[in-house]
Amino acid sequence: MNNTLLPSIRSFPAQPLARRSLLAALAASPALPALAQFRVEVSGVGLTQLPIALVPFKGEDASPQKISEIVKADLERSGQFRGVDASGQSMDENARPDLTLWRQRTADSLVAGSVTRLADGRYDVRFRLWDVVRGQDLGGQSYTVPQADLRLASHRIADYVYEKLTGEKGIFSTRLAYVTRAGGRYTLWVADADGENAQAALASPEPIISPVWSPNGGQLAYVSFESRKPVVYVHTVATGQRRLVANFKGSNSAPAWSPDGGTLAVTLSRDGGSQLFTIPAGGGEPRRLTQSSAIDTEPTYSADGGTIYFVSDRGGSPQIYKMSAGGGNPTRVTFSGSYNISPSVSPDGRWLAYITRTGGAFKLQVMELASGTVTSLTDTSADENPSFAPNSKLIVYATQLQGREALMTTTLDGKIKARLAGKAGDIREPDWGPFQKQ
Amino acid sequence: MLRRSLYSLAIVALIAGCSSGTKLNDGAAGAGGAGAGGTGGAASGVAPVTIDPNAQTRQGPVGVARIVYFDFDSYTIKPEFQSLIDGHARFLKANPSRQISIEGHTDERGGREYNLALGQKRSEAVRRALTLLGVNDAQIEAVSFGKEKPAAQGTGEDAWAQNRRAEIVYR
């Protein structure tokens, strides 16, 4: 994918997309059932949302993907944008917008572009972003992509717009991993951050749980029960190559990558009880991290790699603790409630998301680590397994809606939620992948 | 030793997993033979089918049940299961070449990984009870399925009580 900058007031380096090779490799594999057209359902109202108009791209009618709609859904799901009616208008990236018209429609900014099928079958996608209030050209880009990467190009446009207008990096071109159970079979999927474009990485008659992305976004570690016990695999997504990294006597579970990708923290019962160990990501001898007669499990590293957060019932009920990544004296992090599990630390180090049990319900909460202030984020009662977006602005989690397992994203204030609603079976165990190399 | 077995397993995995979208065989889990218990008669009748857990296991001691049930939030073996434990202990001591897996399970409430650890507590309670009676620990592997393999579907105490269990499986 070529990614070229259109003439603009600021310049970004042009870089190829790293995912091209991956998508090509997956496309070459035997076709697995295509899943899950996901739908974004935004519920709840945010306080300040930037009004933005997404004009239908010129040539979009003939394109297999509606670029402007994908970009709009991405931006709205972030909770920071509100789409403004752009109906009846047509323009591309070369036209100068009628600012008076767009101001009347209360748009603060505007995206216009085009998508053109090239002679070799690839598509040329171009766009330009305008500041309607100041009448300023905020730049644009062009991408040359195969048809399979049209969604990716759209997510890249959303990332560009998000970063220009909020100053924060966008996460729309990142990937999610999750697991479905349907008809007694379990499938591990890799999907776009909006849940679309899901591709099967593993299908099994036995459960798959706890997938986690490697820091470079190329591998997944997970727990598979295919040998009638839980063992930990590392799976290279682009090739399908799998490696057993923890298959010791007893149960092997809860993998977590160190931020440098060199080490996995895991829970092993090989010495009796569930205890934390580290193990080289390439395989090797485990080193025991905790020495307790209690349950110690669900390790997760802080972004700087110095701290491991984990769950322990050493105090009589499951609570979240932290300790030095090399082991040592744990200190307790959660104090309210009698059941706090599944910690996830935001990449910026400010937030801890976890699940608490209150009155028989399991609820997603987020703690601001500096102040200890806790916010409850959901109205659902069977929340599980939160995972932060790499820009620390959204959390994906599993829950139950109308009796079905579903995935949701939420902003950290709980005000904007979107359901990533699939058709096929129960959806669970989400993990949000890192920023993609561009 | 461990290292070597890990490497050989890794090699097997490498050979097995050379294409993307890896697909596993259904065979490993066992067919799970079904014993029909239809009452017959009414045209609208539904014949309940019970999956026979013994279909997944080789023969252990004849006439000894294989499933220990636990109370809510409990990991201690209730007195009514002591004769079950005794029966398996006698069999394993008389047949020192036989090996078992003890598979711990929980009900559906709570997180998957924490439930995996709770199920492990149940399987290890059974393991300890057997070793206390003189069974060689090398004959036993205690593992957990957490809440992933409920024996009874559904929500409510009836289903949950059937799911809080440890199953003894002869290999």
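Guide: Helices (H or I, at least four residues) and strands (E, at least two) are DSSP runs, numbered from the N terminus. The model is predicted, so local features need pLDDT of at least 70 and side-chain atom pairs count only at pLDDT 80 or more, while totals for chains, interfaces and linings use all residues. Residues are numbered from 1 along each chain as its sequence is written, chains are lettered from A and ligands numbered from 1 in the order in which they are written, and side-chain values use heavy atoms, with hydrogens and water left out.

Visitor: In which strand of chain A is A:S210 found?
Guide: A:S210 is not a glycine, yet its phi is positive, at about 60°. The residue lies in chain A, in strand β11.

Visitor: Is A:S210 buried or exposed?
Guide: Buried means under 20% relative accessible area and exposed over 50%, with partly exposed in between (1.4 Å probe, protein chains only). The relative accessibility of A:S210 is 10%, so this residue counts as buried.

Visitor: Why is one side of β11 and of β14 of chain A left without a neighbour in the sheet?
Guide: Two strands pair if DSSP finds at least two bridges between them. The open sheet has 4 strands in the order β11-β12-β13-β14 (chain A), with antiparallel pairing. In chain A, β11 (208-213) and β14 (242-246) stand at the edges, so each has a single partner strand.

Visitor: Which residue is the bridge partner of A:Y233 in β14(A)?
Guide: Strand β13 (residues 231-236) of chain A pairs with β14(A) in the antiparallel sense, over 4 bridges. In β14(A), the partner of A:Y233 is A:L244.

Visitor: Which residue of β25(A) is the bridge partner of A:W351?
Guide: Strands β24 (residues 351-358) and β25 (residues 361-368) of chain A run antiparallel and are joined by 8 bridges. In β25(A), A:W351 has as its partner A:E368.

Visitor: What is the relative accessible area of A:S342?
Guide: A:S342 is found in strand β23 of chain A. Although not a glycine, A:S342 has a positive phi of about 55°. A:S342 is buried, and its relative accessible area is 6%.
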